[in-house]
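Here are some comments for a colleague who has the structure open.

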Amino acid sequence: MFILGIETTCDETGIALIEAKENKVRILKNELRSQYKVHREYGGVVPILAAREHKKNLPLLLKNIEKDFYLRKIDFLAFSVGPGLLPALVSGKEFVQDLAKKLNKKIIPVDHLMAHFYSVFIKDKSDWQEITEINFPLLVLIVSGGHTNLYIFKNFIEKRKLGETLDDAAGEVLDKCARYMGLPYPGGPEIEKLSKKAKSYFPLPKPMLQKGYHFSFSGLKTAFIELVDEIKKYKKIDEEIPNLCFSLQKTIFEILIYKLKRAMEDFDTKGIALGGGVVANQTLRNMVKKHFPKEKIYFPEKKFSTDNGLNIAIGGYFLIKNNVQPLNYNKIEVYPRST
Ligand code: KG4
Ligand code: ZN
């Protein structure tokens, strides 16, 4: 079975092709075009520009796949239907609908956040790989530029949302605070890099720590901005940037760990899976491993942490395998918010 995965939820345009049989999959193509250069001058993603770029990039990426593969052999088109930026999702939807009509194929709608979860089960290699038995329930934390969601997954399909951010997402705070310090977009990788040069630590607040499984990062963002302003009053900000990056990153990650710990105490789970762009961060990975030494922990390959078409293709595979019905092109609806 061949599945094409298409990703257009935010600022990455991705198309990937996988082949799957029973418990084995192999990656045939994984085409990605990042738009960060387009959005950089605005300090963050501009939805209408993201849509324009997707429209431009999608046919080019498909051409790269088509040159080595006869598209009619595809069995299903997996498409990331949301959550994401509405104009970006719509541009992807129009593309996948046209393709489905042309090839006379059905579409598997894949949730963007579920795809971040599914991404932890695939390795970055081109030969056949076995999807090993996974023990459920799993505690799942998705940390990205748009979301900070904590779930219990009962199996590959059934999930219960324990909590989410009530304001900014963790990645969004990294991006916005980076921007305030004059660092380029996306801020998360810049902050990770600069943190390595830190020599001291600024304590920052951890809002809503005691409040169940929900998160709130906007107060931390405000406190960070005030700290930057305060420092600027008596010295040049440049020399403090590594310390600021380190402190921000550490505070955010400690909040994530705290909530994971609470959930691990309250629920009987067989392990933890983390997905989403922020999980590309090695410090976060090390902290999770250190705090949960006895747990089975699933991380995606670093390059599959951020949005890409492969995660969507793999999502399509898991959904089909779990008897989710693909849809006709005219039944596809996109949604900007998480369900
Ligand atoms: O999942 P993703 O690609 O897009 C959304 O669904 O939002 O995540 C993007 C987010 C951005 O906020 C970006 O700054 C963050 O992931 N990110 C990182 C790292 N790489 C990307 N944050 C911290 N450390 C990184 N290495
Ligand atoms: Zn994402």
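1. In what follows, a helix axis is a line fitted to C-alpha atoms over the stretch in contact, and angles run from 0 to 180 degrees between N-to-C directions. The coordinates discussed here are those of a predicted model, and the points below should be read with that in mind.

2. With that convention, helix 5 (residues 170-180) packs with helix 7 (residues 218-234) at an angle of about 15 degrees, and their axes are 10 Å apart. Since angles under 35 degrees count as roughly parallel, helix 5 and helix 7 are therefore roughly parallel to each other. The handedness of this crossing of helix 5 and helix 7 is right-handed.

3. On the residues that form this pairing, helix 5 contributes V173, K176, C177 and Y180, which meet K221, F224, I225, V228, D229 and K232 of helix 7. Sorted by class, the contact of helix 5 with helix 7 has six nonpolar and four charged residues, with no polar residues.

4. A second pair to inspect is helix 6 (residues 187-195) with helix 8 (residues 241-266), whose axes come within 8 Å and cross at roughly 115 degrees. Because the range from 65 to 115 degrees counts as roughly perpendicular, helix 6 is described as roughly perpendicular to helix 8, and the crossing in which helix 6 passes helix 8 is left-handed.

5. Within this second pair, I191, E192, L194 and S195 of helix 6 meet I241, P242, C245, F246, L248 and Q249 of helix 8. The contact of helix 6 with helix 8 comprises, by class, seven nonpolar, two polar and one charged residues.

6. Are the two histidines buried or exposed? H112 has a relative accessible area of 7% and is buried, and H116, with a relative accessible area of 1%, is buried as well.

7. Finally, L99 has its place in helix 3 (residues 86-103) and counts as buried at 4% relative accessibility. Leaving aside residues up to four places away in sequence, L99 touches L4, I6, L62 and L77. The C-alpha atoms of L99 and Y329 are separated by 8.9 Å, although these residues are 230 residues apart along the chain.

Notes
Residues numbered from 1 in each chain as written. Chains lettered and ligands numbered in written order. Predicted model: local features only at pLDDT ≥ 70, side-chain atom pairs only at ≥ 80, totals over all residues. Heavy atoms only, no water. Helix = DSSP H or I, 4+ residues; strand = E, 2+ residues; numbered from the N terminus. Parallel < 35°, antiparallel > 145°, perpendicular 65-115°, else oblique. Left-handed = near helix turned anticlockwise from the far one by under 90°. Contact = heavy atoms within 4.5 Å. Nonpolar A, V, L, I, M, F, W, Y, C, P; charged D, E, K, R; others polar. Buried < 20%, exposed > 50% of the residue type's maximum accessible area, 1.4 Å probe, protein only.
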